Amino acid sequence: MVHQSSSQGRLSPSSDTEDRAEMSRALAPRLAYFAGVARTEHVTRAAREMNVPQSTLSRSMARLEQDLGVDLFARHGRTVSLTPAGRTFLTSVERALAEVERAVEEVRADADPATGKVAFGFLHTMGAETVPGLLHAFRADHPRVRFSLVQNYGEAMLERLRAGELDLCLTSPVPDAPDLVARRLDEQKLRLVVPADHPLAGRRRIRLAEAADDTFVTLEPGYGLRRITDDLCKEAGFKPRIAFEGEEAETLRGLVAAGLGVALLPPPAVPRPGVVELTVTAPRAAREIGVAWLEGHPDTPPVAAFKKFLLSRRGSLLPA
């Protein structure tokens with residue numbers, strides 16, 4: 001197939017990324033006009049349907065052909081028909097416009113106050129009970145709002161906030177960073193979890209220093225709970241001997257039940273056999289839970305509603 005070439009000046013084709021971007025910016029505003037003229041095969045009729053002056057549409061088509069360096073239309077008085085090059089171009093243009101339309105519908109749907117979407121991140125330890133309870137309570141008044149849920153450790157969620165992949169996240173410790181806004185919502189006590197046959201298992205309360213000679217199982221470095229464990233042990237006067245590092249609190253409970261160590265953990269959603277959970281009297285063993293979002297990031301109506309709901313739960317975020 002031989003395409004007709006326009007003798008007019010054109011944008012220089014180039015493999016350079018900057019030149020391609022420049023060409024895309026120049027062509028993009030004219031693509032809908034081109035599709036309208038191609039559909040009607042009549043400039044006057046297309047101008048009337050798109051509510052633009054005929055002269056504007058004619059100039060736009062001429063400039064489009066000039067920039068491409070290819071004749072897209074054959075003129076027949078007041079009517080036009082697509083050249084072979086025009087038919088090839090139309091296929092891609094219609095596909096691109098359909099994708100733009102789909103994207104517009106998607107972002108409008110996500111921002112809809114009644115049916116929009118919230119991208120919400122939270123710690124693994126909040127997934128079994130806390131977050132399901134929050135979502136159930138929120139949807140009593142917002143039954144059609146949709147959620148994209150992400151479970152991860154704190155630092156990973158903050159990076160996703162910064163990347164625009166999350167709207168809000170529940171995390172611990174409560175972050176203190178200039179590009180984030182964070183609000184403390186609640187506090188969760190931590191317990192020393194020991195095997196059922198451990199010498200301390202008959203106690204209800206202990207000082208953390210009494211576990212100084214034990215082997216610990218903990219979350220990996222980078223997790224907020226790991227940082228808290230290290231800090232509490234240091235405050236108690238010892239550095240924990242760590243045998244296993246994991247990524248999920250219930251896995252650590254399983255390791256404790258197997259007699260592989262002890263762990264500082266938040267309360268479980270469901271009691272686990274094979275372990276005993278002891279109250280730590282000194283130092284004070286607890287972690288703060290907060291909600292964070294990106295400073296200056298505009299909220300869609302559903303995100304604003306869910307943020308307001310979370311802030312209203314200060315002091316009552318966690319199950320009693």
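**Figure 1. Glu41 in the loop between H1 and H2.** In this predicted model, Glu41 is partly exposed, with a relative accessible area of 39%. The loop that holds Glu41 runs between H1 and helix H2 (43-50). Glu41 is not a glycine, yet its phi is positive, at about 55°.

**Figure 2. Asn51 in the loop between H2 and H3.** Asn51 also has a positive phi without being a glycine; the value is about 60°. Asn51 sits in the loop between H2 and helix H3 (54-68). With a relative accessible area of 72%, Asn51 is exposed, because exposed means over 50%.

**Figure 3. Phe34 and its contacts.** Phe34 belongs to helix H1, which covers residues 17-40. The relative accessibility of Phe34 is 0%, so Phe34 counts as buried. Leaving aside neighbours within four places in sequence, the residues in contact with Phe34 are Met61, Leu64, Leu72, Phe73, Leu82, Gly86, Phe89, Leu90 and Val93.

**Figure 4. The largest nonpolar core.** In soluble globular proteins, nonpolar side chains tend to be buried together. The largest nonpolar core in this model has 35 residues. Within this core, Phe120, Met126, Leu168, Leu170, Phe306 and Leu310 have the most contacts. At least two core residues come from each of strand S3 (117-122), helix H5 (130-138), helix H6 (154-162), strand S5 (168-171), S6, strand S13 (286-294) and helix H9 (301-311). S13 supplies the largest share of this core, five residues. Another core, of 30 residues, lies apart from it and includes Leu208, Val262, Leu265 and Val275.

**Figure 5. Leu310 and its partners.** Leu310 is among the residues with the most contacts inside the largest nonpolar core. Neighbours within four places in sequence are left aside here; beyond them, Leu310 is in contact with Phe120, Leu134, Leu168, Leu185 and Val291.

**Figure 6. Thr229 in helix H7.** Helix H7 spans residues 224-235 and contains Thr229. The relative accessible area of Thr229 is 3%, so this residue is buried. Not counting residues up to four places away in sequence, Thr229 touches Thr218 and Leu264.

**Figure 7. The largest pocket.** The largest pocket holds about 700 Å³ of space. Its lining is made up of 32 residues, and Gln188, Lys189, Arg191, Pro266 and Pro267 are the closest to the pocket centre. Strand S6 (180-189), helix H8 (249-257) and strand S12 (275-282) each give at least two residues to the lining. S6 gives the most, with four residues. Sorted by class, the lining of this pocket has 15 nonpolar, eight polar and nine charged residues.

**Figure 8. The largest cavity.** The structure contains three cavities of 30 Å³ or more. In the largest cavity there is about 130 Å³ of space. A set of 15 residues lines the largest cavity, and Leu123, Thr125, Leu219, Tyr223 and Arg287 lie nearest its centre. The lining of the largest cavity consists of six nonpolar, six polar and three charged residues.

Figure 9. Ser172 and Pro173 are joined by a cis peptide bond with omega near -5°. Pro173 is in the loop between S5 and S6. The peptide bond between Ala282 and Pro283 is also cis, and its omega is about -10°. Pro283 is in the loop between S12 and S13.

**Figure 10. The chain around these views.** The chain has nine helices and 13 strands. Its radius of gyration is 31 Å, well over the 20 Å that the globule rule gives for 320 residues, so the chain is more spread out than a compact globule. The C-alpha trace spans about 100 × 45 × 35 Å along its principal axes. Of the 320 residues, 41% count as buried. Among contacts between residues at least 6 apart in sequence, 74% join residues at least 24 apart.

Notes. Residues are numbered from 1 along each chain as its sequence is written. This is a predicted model: local features need pLDDT of at least 70, side-chain atom pairs count only at pLDDT 80 or more; totals for chains, interfaces and linings use all residues. Side-chain values use heavy atoms; hydrogens and water are left out. On a 1 Å grid over the protein atoms alone, a cavity is a set of points where a 1.4 Å probe fits but cannot get out, and a pocket is an open set with protein on both sides within 12 Å along at least five of seven lines; lining residues have an atom within 4 Å of a point. Grid points are joined across faces, edges and corners, and a volume is the space filled by probe spheres set on the points. Ala, Val, Leu, Ile, Met, Phe, Trp, Tyr, Cys and Pro count as nonpolar, Asp, Glu, Lys and Arg as charged, and the others, Gly among them, as polar. A nonpolar core is a set of buried Ala, Val, Leu, Ile, Met, Phe, Trp, Tyr and Cys residues joined through side-chain atoms within 4.5 Å. Buried means under 20% relative accessible area, exposed over 50%, partly exposed in between (1.4 Å probe, protein chains only). Contact means heavy atoms within 4.5 Å. The radius of gyration is taken over C-alpha atoms; the globule rule is 2.2 Å times the number of residues to the power 0.38.
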